[in-house]
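Here are my notes on this one, as numbered points. Have the model open while you go through them.

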Amino acid sequence: METAFIKTPLGVAKLQGDENGLTDISILDGDEKLTDIIPEVLEDAVYQLIEYFEGSRKQFSLQLNPLGTKFQKNVWQALEQIPYGKTTSYLELSKTLGDPKAIRAVASANGRNPLWIVIPCHRVLGSDGSLTGYAGGLSRKKWLLEHESPAKQQSLF
């Protein structure tokens, strides 16, 4: 398993993966030493994340290999279908998966998403449109949604 630490506008991201694909991307609150030489198996992921933060990438094209249960993987695959700049609710996601009563299980699987940003769990809101729990913190979730918003906030000054 290879690991890299890269700087993002939201803090240091930790990437892990091997020849079978990317297994983990997480945002850290600490000051990790940035990786000087990116392992070859992570180069494409690093490049695509940089493009995402620059605003030139709206969809990821990476080999993914997240570890989880079959149910979690089904939820994560459904999350990948939420388009850039769009949001959905936990209830709608549950309905998409065929069981509106599974909302808590879907929310739990969403919270265990091991591939920050690439599997866009930040695009899921409460049924009333509110920002709800996010492993990276609500301020990061808000930043990501604003970053992807088609109507960018403009400065008055």
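**Notes on the predicted model**

1. Let's start with Arg 57. Setting aside neighbours within four places in sequence, Arg 57 is in contact with Gln 48, Glu 51, Tyr 52 and Tyr 84. Bear in mind throughout that this is a predicted model. Arg 57 sits in the loop between helix H1 (43-54) and H2. With Glu 51 there is a polar contact, side chain to side chain, at 2.7 Å. A polar atom of the Arg 57 side chain also lies 2.7 Å from the backbone oxygen of Gln 59.

2. On the annotation: UniProt, in an unreviewed entry, puts "domain: Methylguanine DNA methyltransferase ribonuclease-like" at residues 4-65. In the model, that span is 19% helix and 34% strand, and its end C-alpha atoms are 16 Å apart.

3. Now the core. The largest nonpolar core has 36 residues, and those touching the most other members are Leu 15, Ile 25, Leu 79, Trp 116, Ile 117 and Leu 144. Strands E1 (2-8), E2 (11-18) and E3 (21-28) each give two or more residues to this core, as do H1, H2, H3 and H4. H1 gives the most, with five residues.

4. Ile 117 deserves a click of its own. Not counting residues up to four places away in sequence, Ile 117 touches Leu 49, Tyr 52, Phe 53, Phe 60, His 122 and Leu 144. Tyr 52 also turned up among the contacts of Arg 57, and Leu 144 is on the list of residues that touch the most other core members.

5. Which residues of helix H4 (residues 103-111) are buried? They are Val 106, Ala 109 and Asn 110. These three are on the same side of H4 because they cover an arc of only 105 degrees around the axis. Arg 104 and Gly 111, on the other side of H4, are exposed. The cover over the buried residues of H4 includes helix H2 (70-79), helix H3 (90-96) and strand E5 (124-125).

6. Last stop, Thr 87, in the loop between H2 and strand E4 (88-89). Is Thr 87 buried, exposed or partly exposed? Its relative accessibility is 43%, so Thr 87 counts as partly exposed. Leaving out neighbours within four places in sequence, Thr 87 is in contact with Ile 82, Arg 123, Leu 125 and Leu 145. Thr 87 and Gly 129 are 42 residues apart in sequence, and their C-alpha atoms are 8.9 Å apart in space.

Key
Residues numbered from 1 in each chain as written. Predicted model: local features only at pLDDT ≥ 70, side-chain atom pairs only at ≥ 80, totals over all residues. Heavy atoms only, no water. Buried < 20%, exposed > 50% of the residue type's maximum accessible area, 1.4 Å probe, protein only. Helix = DSSP H or I, 4+ residues; strand = E, 2+ residues; numbered from the N terminus. Arc of directions from axis to C-beta. Contact = heavy atoms within 4.5 Å. Polar contact = N/O pair within 3.5 Å; in protein donor to acceptor, adjacent residues only side chain to side chain. UniProt positions renumbered as here; feature names shortened; annotations may be inferred. Core = buried A, V, L, I, M, F, W, Y, C linked by side-chain atoms within 4.5 Å.
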